[in-house]
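Work through the exercises below in order. Try each task before you read its solution.

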Amino acid sequence: MRRKIIAGNWKMYKSPAETREFGEELKQLYKTPPKDYEICIFPTYLCIDSLVESWKGLEGFHVGAQNCHWANMGAYTGEISAAMLVDVQADHVLIGHSERRQYQKETHQELQAKVMAALGFDLQVVYCCGEMLDDRQADKHFDVVTRQLDEVLGKLHPRALPNLIVAYEPVWAIGTGVTATPAQAQEMHAFIRRHLKKILGSKAERTPILYGGSVKQNNALSLFSMGDIDGALIGGASLQAGDFWAIAQAMSQALS
Ligand code: PGA
């Protein structure tokens with residue numbers, strides 16, 4: 001069976017104090033750590049430490065960063081390296097989120113270098129891909145995602161696979177309240193899985209593929225019931241511990 005993952009992307013929300021509060025609240029909600037899936041929260045860099053502290057020693061609870069630089073160190077004002085993330089005990093990193101592609105104009109070449117840097121430090125990479133609304137309307141969504149996979153992951157060695165997670169996040173579904181239907185998401189996830197196997201070999205069958213884009217308590221179960229959806233990358237609905245927990249419960253339900 002593939003690993004299942006429920007992840008929260010906090011974007012530019014929450015202070016260290018609010019982060020600690022969330023960490024404690026979520027611990028309270030879990031009487032015992034989840035056995036059949038993992039949890040990962042991606043707070044701002046400033047709050048990684050607070051969450052790591054709060055969850056110290058808890059199995060299945062992970063903390064990640066929303067980005068990293070491709071260099072290990074250097075004259076890059078305002079940047080943070082993969083080495084530094086490991087130092088503060090983050091174990092995951094998001095690469096290629098559509099907001100960074102859009103606002104920071106991250107290119108495929110940069111993303112590829114970031115993925116390599118993160119893998120070099122044994123981080124779990126959550127590589128985000130997904131088409132814009134125009135692409136889907138023009139029936140180009142498979143082409144766009146193919147390019148995003150080829151140009152960034154195409155040169156990876158298959159031995160990197162245990163550290164790779166893919167998140168399919170159609171841009172038109174992020175923060176809009178519009179979710180891809182379970183059928184639309186499943187269709188793309190199955191496509192991504194086939195394509196990953198083509199470029200990285202048969203072991204890519206085991207690569208978790210998460211869905212992201214307006215995942216909420218009321219749509220999580222129908223998404224998680226799809227054969228190729230291995231979890232979620234949740235934005236807005238990950239900010240409250242109760243909401244996040246409720247979505248995670250849907251994963252337990254889908255697996256039972
Ligand atoms: P959303 O964000 O759940 O608020 O749509 C998802 C994401 O950007 O990862």
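**Exercise 1. Around the ligand**

How many residues surround the ligand, and which are the closest?

*Solution.* First, a word on the model. It is predicted, so local features need pLDDT of at least 70 and side-chain atom pairs count only at pLDDT 80 or more, while totals for chains, interfaces and linings use all residues. Residues are numbered from 1 along each chain as its sequence is written, and side-chain values use heavy atoms, with hydrogens and water left out.

Step 1. Apply the cut-off: a residue is near a molecule if one of its heavy atoms lies within 4 Å of it.
Step 2. Count: 13 residues surround the ligand.
Step 3. Name the closest: K11, H97, E169, G175 and S214.
Step 4. Sort the shell by class. It has four nonpolar, seven polar and two charged residues. (Ala, Val, Leu, Ile, Met, Phe, Trp, Tyr, Cys and Pro count as nonpolar; Asp, Glu, Lys and Arg as charged; the others, Gly among them, as polar.)

**Exercise 2. Contacts of the ligand**

Step 1. Look at a side chain. An N or O atom in the side chain of H97 is 2.7 Å from an oxygen atom of the ligand.
Step 2. Turn to the backbone. S214 places a backbone N or O atom 2.8 Å from a ligand oxygen atom. G235 also has a backbone N or O atom 2.8 Å from an oxygen atom of the ligand.
Step 3. Check the cover. On its own the ligand has 280 Å² of accessible area, and the protein covers 97% of this. (Areas come from the Shrake-Rupley method with a 1.4 Å probe; for residues, only the protein chains shown count as cover.)

**Exercise 3. A residue in a strand**

Is N9 buried or exposed?

*Solution.* Step 1. Locate N9. It is in strand β1, residues 5–9. (Helices, H or I of at least four residues, and strands, E of at least two, are DSSP runs numbered from the N terminus.)
Step 1. Read the accessibility. N9 is buried because its relative accessible area is 5%. (Buried means under 20%, exposed over 50%, partly exposed in between, with a 1.4 Å probe and protein chains only.)
Step 2. Follow the side chain. A polar atom of the N9 side chain lies 3.0 Å from the backbone nitrogen of K11.

**Exercise 4. Positive phi in loops**

*Solution.* Step 1. Take Q89. Its phi is near 70°, a positive value in a residue other than glycine. Q89 is in the loop between α3 (82–87) and β4 (92–95). Its relative accessibility is 52%, so Q89 counts as exposed.
Step 1. Take D139. This residue is not a glycine, yet has a positive phi of about 60°. D139 is in the loop between α6 (133–137) and α7 (141–153). It is exposed, at 59% relative accessible area.

**Exercise 5. Sequence and space**

What distance separates the C-alpha atoms of H62 and E38?

Step 1. H62 counts as buried, at 18% relative accessibility.
Step 2. H62 and E38 are 24 residues apart along the chain, and their C-alpha atoms are separated by 7.5 Å.

Definitions and conventions. Polar contact = N/O pair within 3.5 Å; in protein donor to acceptor, adjacent residues only side chain to side chain.
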